[in-house]
Amino acid sequence: MIQIINGLVYGSFLYVLAVGLVLLFGLRRVTNFAHGALFMLGAYVSHAAAAYLGFWAGMAVSVLVLAALGVVLDRFVFRPLAREEPIVTLLVTFGLLFVLEDAVRTIWGKDFISVAAPAALAGSVTIAGSPFPVYRLFVIAVAVVVAAALAIWLRATRVGLYVRASSVDPVTTGMQGVDTERLSALVVAIGTGLAGLSGTIAGPLMALSPSMGGYIIIDCFIVVVTGGFTSFTGAFVAALLIGQFHNLGLVYVPEVASVIPLLVMGVVLALRPQGLAGPGR
Amino acid sequence: MSATASPPAAARSGAARLLLAAAVFAAAGAALPWLIASQLALTLMTQAAINAILAVAVGFLIRHDGLTSFGHAAFYGMAAYLMALNGRFDWMPAEAALLAAIVLPAAFAFLAGLIIVRLPGLAFSMLTLALAQSLHELMLRWRQIGGGDDGLSVRLPARLFGVGIELFQSPSSMFIVCWIALVAVVALLGLIARSHFGLLTVAIRENEERARYIGYRTLAPRALVFALSAAIAGLAGVLFGLYNAFVTPGSLHWTLSGEALIMAIIGGTRAIWGPALGAVVFFAVKDAAGDLTEHWPAIIGALLIAVTVLLPHGISGVLARTGTRDRARTP
């Protein structure tokens, strides 16, 4: 029981991170290799800000800083490269990943930094007879709020409609008079802001280190591919699935746990090459 | 694709010219250890030659499948670990193990390729990275097999293929072995690129649907290119295992995959030899960076961004554009 909730925690966390990539892919048809590095940067920014302002303000600072960085990225990387092959953006963001990791290592050092959960969430509750940290439940709550907010935004607002339309066909959407460039800047900012959010909530879950992004981005990519690239629901289901298998793997077969998400994905793709929720061919 | 239209005699003489050039390059490179006394320089050059083979493997996959691998260290590390594990468990004679360390990653790549080369390019890139990192974690965590962070020593017999093992472990002789292997790989891939198979895979890369309409099956050739590329990465891993007699999870890590990819991009993948040239430039820049090596990741990151944006076909692309002779032939 506890293990299943732990899997849910990791899945929730993966969802908040992966959905940023799904948003970006919908608008720009590219993938940001530096997403894990942005997540890592978000964790450090919130840690640095929290030293002066406390955990919650640190979270806000991290989300805002990363969202601003997202606007810059969109303006100077994704937009100019939109005419090129998607692989060009992938390579450039890959280079960016090296630069960001080096910058963080230079500023904050390469040692692990552990972060305590905020006082309000520090305790634990009893679930099925064993104690469980409140903070981990909070992570699940964050993912639920993010998923619900995104669903409402995408389904019930005009901008959300534009985003969905643009995910299906950016060119036609642009022809209908939607400013897809501004839309893209907004969506990239939301995606990187979510990377800042997930970096913040990752702090008390795992120790901060410059390489934390490289580790997490792998599972994140697996989630995006398994989910079918453009589907928010697909990413949600895939994140929970991968989170569950990842965690059960860590508990029962720790030696080979790392290949389990990959095997899950292999099975899904062998049955459905377009992913869980990808468009049929 | 004018090579198909040229008469067979011209094609034969083209192949002969390629082999002649390879022989000249092999001989010239093999002479270097007599000219360079510094063991340090030879060590660096040996490492560069091994990494160049890995980069050529990455470049070949881009050239013939249009797929960019971010995880080629998987096959490199797999080969080195297979050798180390064979030394430990004595499954087969060392000579057979060297061969198996090339064949098994290739077979694995072929089977995995049947699933993943069908995916759009971005997904392929992400999955190759995921594959390599999963193997890296596997070797790191599964201490009983992979030895964890400490890695494994590659136990080799005193004599291999009838020659003393020290031949493979002293930089002056190992450089010659690696250099000749590199030239042979480039020549072999050059011949494959001119063959029916090479032209077919380029055609599939350009337009898979059209190739299918003409009546070709497209999945198996694409998976075969992936397997061939994995075999070459495996060869690089074997040479690394022989030379270092030691393997750590670092040989599976994404920084190695990334470096090989960066070499391929810097050198350009239109020419088979482009990535090898990229490896030379890469090591020269690394050597020149000197005191700045602490910030080496940022330097290669910036270099990658600059080359991707400014020189889309890499250095070999620039050279091909200045030399008019190859213009018509570049696929």
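Colleague: Which residue of E2(A) is the bridge partner of A:Val125?

Modeller: This is a predicted model. E1 of chain A covers residues 124-127, and E2 of chain A covers residues 130-133. The two strands run antiparallel, joined by four bridges. In E2(A), A:Val125 is partnered by A:Phe132.

Colleague: Which residue in the hairpin of E1(A) and E2(A) takes a positive phi?

Modeller: Two residues lie between the strands of this hairpin. A phi near 50° belongs to A:Ala128.

Colleague: How far apart are the end C-alpha atoms of helix H4 of chain A?

Modeller: H4 of chain A takes in residues 86-108, 23 residues in total. At 1.5 Å a residue, the helix should therefore span 33 Å. The model agrees with that, because its end C-alpha atoms are separated by 33 Å.

Colleague: Which residue just after H4(A) takes a positive phi?

Modeller: Look just past the helix end. The phi there is about 80°, and the residue is A:Gly109.

Colleague: Which residue forms a salt bridge with A:Glu181?

Modeller: The count over all chains is seven salt bridges. In this one, the closest N and O atoms are 3.2 Å apart, inside the 4 Å limit. The partner of A:Glu181 is A:Arg79.

Colleague: How many residues apart are A:Glu181 and A:Arg79?

Modeller: A:Glu181 sits in helix H8 of chain A (residues 180-205). A:Arg79 sits in the loop between H3 and H4 of chain A. The pair thus links distant parts of the chain, with a separation of 102 residues.

Colleague: Which three residues of chain B lose the most area to chain A?

Modeller: Chain B and chain A bury about 3400 Å² between them, 82% of it on carbon and sulfur atoms. Three residues together make up 21% of what the chain B side buries. They are B:Leu122, B:Met126 and B:Trp254.

Colleague: How many residue pairs are in polar contact across the interface of chain B and chain A?

Modeller: Salt bridges between chain B and chain A number zero. For polar contacts, the rule finds pairs at pLDDT 80 or more, and the count is two.

Colleague: Which helix gives the most to the side of chain B that touches chain A?

Modeller: Three elements of chain B give two or more residues each: H5 (121-141), H11 (254-267) and H13 (296-310). With 13 residues, the top contributor is H5(B).

Colleague: How many residues on that side of chain B are nonpolar?

Modeller: In contact are 37 residues of chain B and 40 residues of chain A. On the chain B side, 10 are polar and four are charged, while the nonpolar residues number 23.

How values were computed:
Residues numbered from 1 in each chain as written. Chains lettered and ligands numbered in written order. Predicted model: local features only at pLDDT ≥ 70, side-chain atom pairs only at ≥ 80, totals over all residues. Heavy atoms only, no water. Contact = heavy atoms within 4.5 Å. Buried area = accessible area lost by both parts, 1.4 Å probe. Salt bridge = Lys/Arg side-chain N within 4 Å of Asp/Glu carboxyl O. Polar contact = N/O pair within 3.5 Å; in protein donor to acceptor, adjacent residues only side chain to side chain. Nonpolar A, V, L, I, M, F, W, Y, C, P; charged D, E, K, R; others polar. Expected span 1.5 Å × (residues − 1). Pairing = 2+ DSSP bridges.
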